[in-house]
Amino acid sequence: MGRAGTGTGGAAVAVAVAGPLLLLLLLARPPPGAAGDSQKGDVRLVSEQFSQSPQKLSFYSWYGSARLFHFRVPPDAVLLRWLLQVSWGSSPTCTNVEITVYFRYGAPPVINPLGTSFPANTSVQPSFFIKMLQSNASVNISHPAPGDWFVVAHLPPSSQKIEVKDFVPTCAYVFQPDMLVVRVVEVSVLEPDVPLPQNLLSHPSYLKIFVPKYTQELRLELQGCVSNGSLGCPVRLTVGSATLPSNFQKVLTCTGPTQACRLLLPSPPWDRWLQVTAKSLAGPHVSVAFSAVAALTACRVWNMNVQPLLPSSLNQSCNISTGLMSPSPSYQDQGRNSRLGNGPFCLMSYAVTREDVDVVSVRFRPLDRVLVLVQSDTPSVMQLYLNTGMDSGGSLTISLWANQSLITKNSWVVACVNAASPFLSFNTSLNCTTAFFQGYPLFLSASSREANLIIPYPETDTWYLSLQLVCPESPEECVEAVVFVESALSLVPCLHDCGPYGQCLLLRRHGYLYAGCSCKAGLPRSRGNSWEVWASTHCPAPQFYHACDQPGEAVLCILNYDTLQYCDFLGSGVSMWVTILCMARLKAALKYVYRCGHRRQCYPTSWQRWVFYLLPGISMATVALAIYTSMMTSDNYYYTHSIWHMLLAGSAAFLLPPRDKHTEPWACSKKLTCHYQICKNHREELYTVT
């Protein structure tokens, strides 16, 4: 038995070794309590198990060689446990190999086992993973987020050695994950501004509150907290769901003698239920009573698609030289600084149209406009709908351009890309962090008026792009300033179509589609010069294999690459022996074999034939075979493969039998005394007397 290692991850995740006995115990025991709860028998909890068919693992060479598993966690889950099992055959080639397993919520994990570099402006979060050195392991996650979860597993990166597929016996490693979920069937609903009495004794309280769209802030408060009749609030409050690789759960521990305990959550996730778990810290037999209160602060939205501002009308409504808006009635009535009703606007909403171009290919465009107005006191927000379930298999690309003449030296345009809810707190912070999500920042300035961002495999959710003008050094310069920003927003399967040396492939797993880049023509460092390309594509026997094995874009593959490679190896070897057999004299060879046994002496009898022909030919064939099977790698391929062909052809030339000396068919000796002569036919060994 080995050990299970861990990668990066939050404190809510536990990794342990799990054998078959543990699996039986998990299925036979009563449902456990919430994470960290040692009490059993809570009737509010039920257990459910989900499984998927096992898959054969492969050594990692590109994303398609990793095996993807897709699970859906039901709502109100308080504990998630993956049971990971690996089995392999009894062949001598099967050894205990290290298996890497990745976990991620909302989208497939972005992994990089080969240590290659991502394109510029690409934001990649480190993946949570474990390394299995044994046949079983388990992973526990407390309060998992409901929705899509993905598991990816693969063997270590494949070696650079080039081998003929299925020519050498290999070992089959089969991986299967099972998911066990413990969820709550009785959850108390926390209504806004309505106190909900709670009494904690041995089991935690499970609450949830619905956060509507355009919620600016959520405040949770425990009021009138009493522990065993005395003031005090020994309660741990866990808000939100755990996600991987990042975990932004909020944990509030109330231990002071005060009766109130508060938690403020700016920009909570919109249009969804939020989990709240309260657990007593006073001990197993101490009662804790309190009232939970939730307060929501609504966001007043200025819908910009009511009064479109087309580029053709900029001269009528905006003074480009000063950057000030003209006091037109339509603008003044909805002005940036107007305080109508219950307060100022908290955001300017720009409607965005979603255009589905192809599979995992979407284009977003602002409705009825090209430019987005950005100012200093109210964020401009665009919504990007990536919640169809198939949008997480591509790459989200965002490009922003600003008019340089409208940005002063001391001003910036700050943009934040967030999931679930937009970032609205530009006046207090620029870290792009909402209640449960760390956003991606972008900056535009007078010296750098263009910004780009690439997010591979974005989480399945509604994404938001927030922009605001800030002047850190002189805020007065931004009061009346206005900047117009142009945007290009899209979801593509593969960035730049994987470049000139790769091809974008669409992968599928149980109806889920995702894209990945595969190297189709070698790496740029192995490209070689034009002579090498010409020579490798004009060999008579393996020309189809080399036509499929070329660097660059001129690639022609009439069959699968492994099939062509095997045919090249088989054809090269067979052609050598066919050449020898066709040019050899079989009857003479059989005769020489017979003579070797009769005379007890090997053929040929000449040592020169052995030293200068047979031994060099056999040596060259042996070296060629050794180079092909064990020395050929991706880096030295063009050299070793050329040497292999030269050695193979040279060995055939050395192993060919020598030709006979030129003689007449009938050779006659001297005449006999009787005027007759004896003649011999060397081909048939017949004698005659003439």
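Trainee: What share of the contacts with a separation of 6 or more comes from residues 24 or more positions apart?
Mentor: In this chain the share is 77%, where contact means heavy atoms within 4.5 Å. This is a predicted model, where local features need pLDDT of at least 70 and side-chain atom pairs count only at pLDDT 80 or more, while totals for chains, interfaces and linings use all residues. Residues are numbered from 1 along each chain as its sequence is written, and side-chain values use heavy atoms, leaving out hydrogens and water.

Trainee: Got it! How many helices and strands are there in the chain?
Mentor: The chain has 9 helices and 43 strands. Both are DSSP runs numbered from the N terminus: helices are H or I with at least four residues, strands are E with at least two.

Trainee: And how much of the chain is buried?
Mentor: Of the 690 residues, 44% are buried. Buried means under 20% relative accessible area, exposed over 50%, and partly exposed in between, using a 1.4 Å probe and protein chains only.

Trainee: Which residues have the most contacts inside the largest nonpolar core?
Mentor: They are Leu400, Val413, Trp463, Leu467 and Val485, in a core of 44 residues. Strand E38 (residues 483-492) gives the largest share of this core, 5 residues. A nonpolar core is a set of buried Ala, Val, Leu, Ile, Met, Phe, Trp, Tyr and Cys residues joined through side-chain atoms within 4.5 Å.

Trainee: What is valine 413 in contact with?
Mentor: Leaving aside neighbours within four places in sequence, valine 413 is in contact with residues including Val374, Leu442, Leu467 and Val485.

Trainee: New topic: is lysine 208 buried or exposed?
Mentor: Lysine 208 is buried, with a relative accessible area of 16%. This lysine is found in strand E15 (residues 205-211). Among its contacts beyond four places in sequence are Asp76, Val189 and Trp273.

Trainee: Where does UniProt place the feature "transmembrane region"?
Mentor: The unreviewed UniProt entry places it at residues 569-590, 610-631 and 637-656. Such annotations may be inferred rather than shown by experiment. In the model, residues 610-631 are 100% helix, with end C-alpha atoms 28 Å apart. Residues 637-656 are 95% helix, and their end C-alpha atoms lie 29 Å apart.

Trainee: How do the axes of H8 and H9 cross?
Mentor: The axes of H8 (residues 607-631) and H9 (residues 637-655) come within 8 Å and cross at roughly 155 degrees. Axes are lines fitted to C-alpha atoms, for helices over the stretch in contact, and angles run from 0 to 180 degrees between N-to-C directions. H8 and H9 are therefore roughly antiparallel to each other, a label for angles over 145 degrees.

Methods:
Angles under 35 degrees count as roughly parallel, over 145 as roughly antiparallel, 65 to 115 as roughly perpendicular and the rest as oblique.
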